[in-house]
Amino acid sequence: MKYLKKKLTIENVKVDYIAKKYGTPTYCYSYSELKKNINNFKNSFRSFSPLICFAVKSNTNVNLIKEIKKFGLGADVVSMGELMMAIKAGINPKKIVFSGVGKTFDEIKYAINKNIFLINAESESEIKQIEKIAKLKKKRIQIGIRLNPNTDAKTLSQISTGKKENKFGVDSKTFIKLINNYKNSKNIELKCLSVHIGSQILDHKPYEKMLKSIAKILEKIKYRFEFIDLGGGMGISYDNKQKSLDYKKYQLVIKKFLNKYKSKIIFEPGRSIIGNTGTLISKIIYIKKSGKKNFIILDAAMNDLIRPALYGAIHRIMPSLKNNKISNENHEFVGPICESTDSFLNLKKFQELRENEIVVVCDVGAYGMSLSSNYNLRPKPIELLIKGSKIKVIKKRQRHKDFI
Ligand code: LLP
């Protein structure tokens with residue numbers, strides 16, 4: 001996204017043009033950013049050719065998954081719906097891993113029927129359930145076991161998953177017990193040790209600790225895994241100050257680990273692939289002065305993008321037209337929903353704004369649309385994919401009649 005003659009553009013298309021033609025609020029993705037992210041990810045870890053499984057939960061748009069598939073990525077799914085969507089997008093089931101703490105009998109059966117690559121189990125009860133279905137189907141099913149490495153990801157507590165108080169995975173004692181119980185099973189093949197310590201991780205050191213925990217376990221057991229699934233979590237920059245995770249440093253610690261423990265690596269990135277490709281285009285409905293504050297009331301709301309309300313996440317906001325007139329008043333960008341947490345951003349300084357102007361909320365490609373809802377019975381936004389000067393509608397705007 002850049003300003004060309006003061007007009008904000010996504011690839012070669014002006015944001016104002018998009019708003020006029022397709023209305024607002026609108027999710028808009030840039031193909032060239034997506035391509036850049038995937039190639040950067042692939043190149044950074046090329047030395048050990050990992051299997052890269054896109055975390056579908058971060059963005060479930062079938063047309064985007066189709067584009068991601070063209071780069072050879074697989075998928076990481078956490079429900080029957082996501083598994084169906086990945087298959088619909090044409091992802092080879094042999095590149096699909098199924099994660100999650102609470103897979104139901106029907107979900108496991110469906111995954112087994114589709115012959116997916118790997119089910120990452122998170123408890124003994126789940127392994128028993130998989131074994132039961134595998135027996136019924138007279139199959140041998142490849143599973144991973146998710147280890148809870150008790151590692152602090154140093155990220156927001158709400159999106160931290162690798163500490164012992166989190167519900168995810170099993171502790172090292174249980175892990176060892178499960179290996180011993182299932183290594184000679186007829187219907188279960190222990191293929192993978194999996195971990196995922198959290199999301200939006202900006203420093204490589206928690207990953208280094210995580211790998212140390214894995215190494216410790218591997219030292220204790222005689223069993224060797226063909227695959228180690230390191231999950232996702234690679235953090236991106238949501239403002240101009242933060243730096244995204246340094247892939248080079250992460251790559252180096254993995255290389256060191258692989259020198260000793262020879263396994264194939266799986267990654268499950270979501271945000272780092274799709275996060276910065278998306279913007280939410282929105283129109284200012286009203287500007288309300290209240291005391292020392294200007295409420296900028298947008299037509300986008302927490303039902304369209306819940307990250308600020310749910311995690312206190314910061315997303316930059318940019319005007320579609322630069323006017324270089326700075327206002328030093330307090331600005332609060334809010335949505336129209338009847339909740340005080342329906343607020344996107346507080347700023348001390350912004351350019352002067354007027355009603356009906358267009359602004360964009362940045363970096364909403366991951367966990368934006370996928371976490372959207374119909375709260376306040378608001379229809380979900382349209383989604384567009386921009387490729388150069390081309391605009392493709394990749395999901396239609398919901399209409400009231402779709403749910404009334
Ligand atoms: N693998 C597993 C097992 C996961 O639980 C997750 C994310 C990922 C991979 C992908 O993580 P990523 O590379 O996208 O960080 N809604 C929150 C993020 C929740 C992440 C949940 N798990 C947010 O908006 O920040």
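Predicted model: local features only at pLDDT ≥ 70, side-chain atom pairs only at ≥ 80, totals over all residues.
I began with Gly81, which is partly exposed, with a relative accessible area of 41%.

Next I looked up where Gly81 sits, and found it in helix α4, which covers residues 80-88.

Then I turned to the domains. The protein chain is split into domain 1 (2-29 + 275-402) and domain 2 (32-273). Taken over C-alpha atoms, the centres of the two domains are separated by 32 Å. To their contact, domain 1 gives 22 residues and domain 2 gives 24 residues.

How much area do domain 1 and domain 2 bury between them? I noted about 1900 Å², with 49% of it on carbon and sulfur atoms.

Which elements supply at least two residues each to the side of domain 1 that touches domain 2? I found α11 (307-311), β21 (382-387) and β22 (390-395). Sorting that side of domain 1 by class, I listed eight nonpolar, six polar and eight charged residues.

With charged residues on my list, I looked for salt bridges, and the count between domain 1 and domain 2 is zero. Polar contacts do turn up: 11 residue pairs make them across the interface of domain 1 and domain 2, both residues being at pLDDT 80 or more.

Methods:
Residues numbered from 1 in each chain as written. Heavy atoms only, no water. Helix = DSSP H or I, 4+ residues; strand = E, 2+ residues; numbered from the N terminus. Buried < 20%, exposed > 50% of the residue type's maximum accessible area, 1.4 Å probe, protein only. Domains from an automatic or database assignment. Contact = heavy atoms within 4.5 Å. Buried area = accessible area lost by both parts, 1.4 Å probe. Salt bridge = Lys/Arg side-chain N within 4 Å of Asp/Glu carboxyl O. Polar contact = N/O pair within 3.5 Å; in protein donor to acceptor, adjacent residues only side chain to side chain. Nonpolar A, V, L, I, M, F, W, Y, C, P; charged D, E, K, R; others polar.
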